[in-house]
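Notes follow as I go.

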Amino acid sequence: MTRRRIIAGNWKMNMRGDTAAALAKGLVTAVGDEPAVDVVLCPPFVYLDVVADAIAGTPIGLGAQNLYAADDGAYTGEINAGMLNDVGCRYVILGHSERRALLGETDDQISEKLHAALAGNLVPIVCVGETLDDREAGRTEKVVETQIRGSLAGLDEARAASIVVAYEPVWAIGTGKTATPEQAEEVHALIRQLLGELFTPEVAAQIRIQYGGSVKPSNAKELLGQANIDGALVGGASLKVDDFLGIVTAE
Ligand code: PEP
């Protein structure tokens, strides 16, 4: 089963509109018309429009960093899947560890968001990953399994193949510490096995699993070369054209 690699840049709460436009335009030129991988940019909500304009007519996809799982209504400050569609989003990151840790997002909420994303024709990028304490206490497997089961609750087999999972060990995010390719592959293989149990092995073989955590051009090739690593969710290195391009073109 060949899975097309997917490299997504999570710009988090960085930059202003002019920088967002410049970065997107720089990437349009750098990535070209026929990248060998799916490329996705996830700017802050308020700059989705700016980036949508910059990437219009190119193979680069647009993603949001979150959504609220409700139809239009009295939800002050929130943004739903329909609105994201409206500004050209095709993807949405869900359950990023920063949202889990800083905003107390739970697996139940992430599952609601997953269903809202799918109902709104968005591809959810569902993030899971253990903390350093979890890893040192030997709980990695258990934590990741609980997050996968909870976040994907109620997902039916027919739709499962279209989702993307991002394994992001929390201790490797923004710290410069990367999981070794072997450490990452071990968890990716475990996630794929679990997806096989939740759905079918055939469906699991189609689901793309990204690695995230201090991915940079110098470590991308080895990480992406692992059998069950199908792409990267990139934070820091997605903020510079050359660094992100180095990951997009890693072979
Ligand atoms: C992330 O935030 O998803 C991430 C992986 O960040 P970084 O690449 O900076 O570690």
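Predicted model: local features only at pLDDT ≥ 70, side-chain atom pairs only at ≥ 80, totals over all residues.

I started with Asn 121, which sits in the loop between H5 and strand E5 (123–128). Its phi is near 60°, a positive value in a residue other than glycine. I flagged that because most residues other than glycine have a negative phi. Is Asn 121 buried or exposed? I get 62% relative accessibility for Asn 121, so exposed it is.

I found Lys 12 in the loop between strand E1 (6–10) and helix H1 (17–31).

**Entry: H5 against H7**

Helix H5 (residues 107–119) packs on helix H7 (residues 140–151) with the axes 7 Å apart and an angle of about 45°. H5 and H7 are therefore oblique to each other. From H5, I see Asp 107, Ile 110, Ser 111 and Leu 114 making the contact, and from H7, Thr 146, Gln 147, Gly 150 and Ser 151. I sorted the residues of this contact by type and got two nonpolar, five polar and one charged.

**Entry: cysteines**

How many disulfides does a search of the whole structure find? I got zero. Cys 42 is in no disulfide, and the nearest cysteine sulfur, in Cys 89, is 7.8 Å away. From the Cys 89 side, the closest cysteine sulfur is that of Cys 42, and 7.8 Å is too far for a bond, because a disulfide needs the sulfur atoms within 2.5 Å. I checked burial for both: Cys 42 has 0% relative accessibility and counts as buried, and Cys 89 is buried too, at 3%.

**Entry: Val 40**

Next I picked Val 40, in strand E2 (residues 38–42). Its relative accessibility is 0%, so I put it down as buried. Which residues touch Val 40, leaving aside neighbours within four places in sequence? I listed Ile 6, Ile 7, Ala 8, Gly 9, Gly 61, Leu 62, Gly 63, Tyr 91 and Phe 244. I also took one C-alpha distance: Val 40 and Ala 172 are 132 residues apart along the chain, and their C-alpha atoms are separated by 21 Å.

**Entry: His 188**

His 188 lies in helix H9 (residues 181–198). At 0% relative accessibility, I count His 188 as buried. Skipping neighbours within four places in sequence, I find His 188 in contact with Tyr 167, Ile 209, Gln 210, Tyr 211, Asn 228 and Ile 229.

**Entry: aromatic pairs**

Last, I ran the ring search over the whole structure and it returned two aromatic pairs. One of them is Tyr 68 with Tyr 75: the ring centres are 5.1 Å apart and the planes are at 45°, so I call the pair tilted. Planes under 30 degrees apart would have counted as stacked, and over 60 as edge-to-face. Tyr 68 is partly exposed, with a relative accessible area of 31%. Tyr 75 comes out at 37% relative accessibility, so that residue is partly exposed as well.

Key
Residues numbered from 1 in each chain as written. Heavy atoms only, no water. Helix = DSSP H or I, 4+ residues; strand = E, 2+ residues; numbered from the N terminus. Buried < 20%, exposed > 50% of the residue type's maximum accessible area, 1.4 Å probe, protein only. Contact = heavy atoms within 4.5 Å. Axes fitted to C-alpha atoms, helices over the stretch in contact; angles between N-to-C directions. Parallel < 35°, antiparallel > 145°, perpendicular 65-115°, else oblique. Nonpolar A, V, L, I, M, F, W, Y, C, P; charged D, E, K, R; others polar. Phe/Tyr/Trp six-rings, centres within 6.5 Å; stacked < 30°, edge-to-face > 60°.
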